[in-house]
Amino acid sequence: MERSYASRSSGELATAASGSGRPVRVIPLRHPPGFGSISSSSPPWWRAAVGRARSMGPLEWAEAALPCVAWMRKYRWKEDLQADLAAGITVGVMLVPQAMSYAKLAGLHPIYGLYTGFIPLFVYAIFGSSRQLAVGPVALVSLLVSNVLGGIVNSSSELYTELAILLAFMVGILECLMGLLRLGWLIRFISHSVISGFTTASAIVIGLSQIKYFLGYSVTRSSKIIPLIESIIAGADQFSWPPFVMGSAFLLILLTMKNLGKSNKRLRFLRASGPLTAVVVGTIFVKIFHPPAISVVGEIPQGLPKFSIPRGFEHVMLLMPTAVLITGVAILESVGIAKALAAKNGYELDSNKELFGLGIANICGSLFSAYPATGSFSRSAVNHESGAKTGLSGIIMGIIIGGALMFMTPLFTDIPQVDYEEAIFLWGIDKKDFFLWAITFITTLVFGIEIGVLVGVGFSLAFVIHESANPHIAVLGRLPGTTVYRNTLQYPEAYTYNGIVVVRIDAPIYFANISYIKDRLREYELNLPNSNRGLDVGRVYFVILEMSPVTYIDSSAVQALKDLHQEYKARHIQIAIANPNRQVHLLLSRSGIIDLIGDGWCFVRVHDAVQVCLQHVQNSSSSALKLASQASGDSADSISTPKAEKQRLKQDGFFKNLWKAHDGNADSGGEVQPLLRQNLV
């Protein structure tokens, strides 16, 4: 194979043919270290893991086992303690009424909501890696528990409660396994649009399922909107005014205090104290007036939960789909908000450690009568806004719940029971994301939470697969006055050269997308991109692949590139490769592709590749023009020679001289041909 500029030493300079004599250095692309060895240059994963383990000190081992050590050893008592106390008390006060209402939503006695907000908080503060995430009962998980268990057993039976506690144990096991198997990366495949559509639809379903406390009559328990609406309409003749008035008053208090807390930083505490204020006002009203139409919570056991092993293991297979679904919700809700809070507070969060911490919290919670717990969007946001610095704020929340269980449950006896903006934003930004939001939202409303989650995740994965199989490919041009090559669609002023196409593939090359890439390359050959520099040669003779974005290439892609080379060779098109990374270059070398296309056609820079290709085009075109001129001069009457015949002679002459010069360089010992004139380069 011939030698070109790239095969010469990096210190050798080629001088332009024009009078300016501008020197241009063409840097050779060297073989990566390890070329020629059979084994991979990188050690196996297990050996790397063992190496990391051996290099870890006692403190690093402690942090790996107990993430709380990371913030405990750097705790600033003067600066952090006050903030953690304020945040813990604020969210703890907010959690007390929320926990009881979420337990009712789950079809459980309110005491189990307090249990779920007690032990898991302490355990998560030790094993969880987020310093601001507030765990405990949440509305979405509560609705899932109610929806599934309600179809298995009556909510008033003891078995219903046992199965809810067993669900917490199963969810904990699944979360721990996901953390240990390092499956936290799965969250990357769930689009933000899916999460938004799912949570918006769930909020509507949750609101409708609780409207019975406003209307004063029973409503069908369901996670689908149609049965809920039918039940609400069917029972309209049982409407009662007292619950509606009290519920509306509660809602007004909550919304007013929430908006005041958001709009004024000094009144931020009102946002968290809104639920407690509504509970206190409602309780006082019921104790004074005893309205017969208002139902109350009833007696709540006093004292801390007792240790007990979950029961009902014979129903494990029946509960497994729900446990998997709740685990998925934990990934969506907890890990997502935890990573966002970690980024805002300037520390890194490991998704796998986060899942393991949530799993341990649920397992330990199930041993003390808790149903599944996970991170809460609303409480975590309040915790962050209240200035929480470490996991100590979660311990403060647990202490407050413990105090409520020990001393305040008699006071709870008379408690009365009571995102379109995102869609508009997505429509303006990306119609695909709006479609994901809409399909998840509608599916969740119509078919229920379980189907909504599956459909949303399914469409997210379908979009990921489609994007991966149809990667972005750009035709590059040279920015005026530079040696920088950029997408010609983004920079229309960038100029390209006749006979040369520079293509950048912005993705790994593997079996799923290689066919698409080959089709696009054939399109560039058939539909010649508009070029504005150099001699008009009428077709493509060089295809330069800019491979810096290509992070990986597999065996299927290697074979496809070999086939493409053979196709191009049959049509006398030369492939050049620019700037592959170390691993890609090593694989291309070992697979024989570098030998096929020639070492001289591998370059460090796109500009180097273009320089060499342009030199061949210029020299061969000049020879072709001479041949065409001689052919027309030998004719008795040059005017009688048809124009098409002249063009054919010109093209044939160019083609023959291009490859003659191509082969001549190989025989000449690599003599450097002069570069183009400066106005062409």
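## Terms and model

A residue is called buried when its relative accessible area is under 20%, exposed when that area is over 50%, and partly exposed in between, using a 1.4 Å probe and protein chains only. This is a predicted model, in which local features need pLDDT of at least 70 and side-chain atom pairs count only at pLDDT 80 or more, whereas totals for chains, interfaces and linings use all residues. Residues are numbered from 1 along each chain as its sequence is written, and side-chain values use heavy atoms, with hydrogens and water left out.

## The chain as a whole

The protein chain has 26 helices and ten strands, where helices (H or I, at least four residues) and strands (E, at least two) are DSSP runs numbered from the N terminus. Of its 681 residues, 49% are buried.

## Strand β5

Because six of the six residues of strand β5 (residues 473-478) are buried, this strand is largely enclosed by the rest of the structure. Ile473, Val475 and Gly477 point one way from β5, while Ala474, Leu476 and Arg478 point the other way, and all are buried. In a regular strand, side chains alternate between the two faces of the sheet.

## The sheet around β5

Strands are taken to pair if DSSP finds at least two bridges between them. By this rule, an open sheet of six strands has the order β6-β5-β7-β8-β9-β10, with mixed pairing, and its edge strands, β6 and β10 (602-603), each pair on one side only.

Strand β5 is joined by three bridges to β7 (residues 500-505), the two running antiparallel, and Val475 has Val503 of β7 as its bridge partner. Three bridges also join β5 to β6 (residues 485-487), again antiparallel, with Asn487 of β6 as the bridge partner of Leu476. β5 and β6 form a hairpin with six residues between them, and Gly481 in the turn has a positive phi of about 80°. On to β8 (residues 542-546), β7 is joined by five bridges, and these two strands run parallel; here the bridge partner of Val503 is Leu545.

Helix α21 (residues 514-526) packs on the sheet and touches β5, β7 and β8, contact meaning heavy atoms within 4.5 Å. The direction of α21 makes about 40° with that of β5, where axes are lines fitted to C-alpha atoms, for helices over the stretch in contact, and angles run from 0 to 180 degrees between N-to-C directions.
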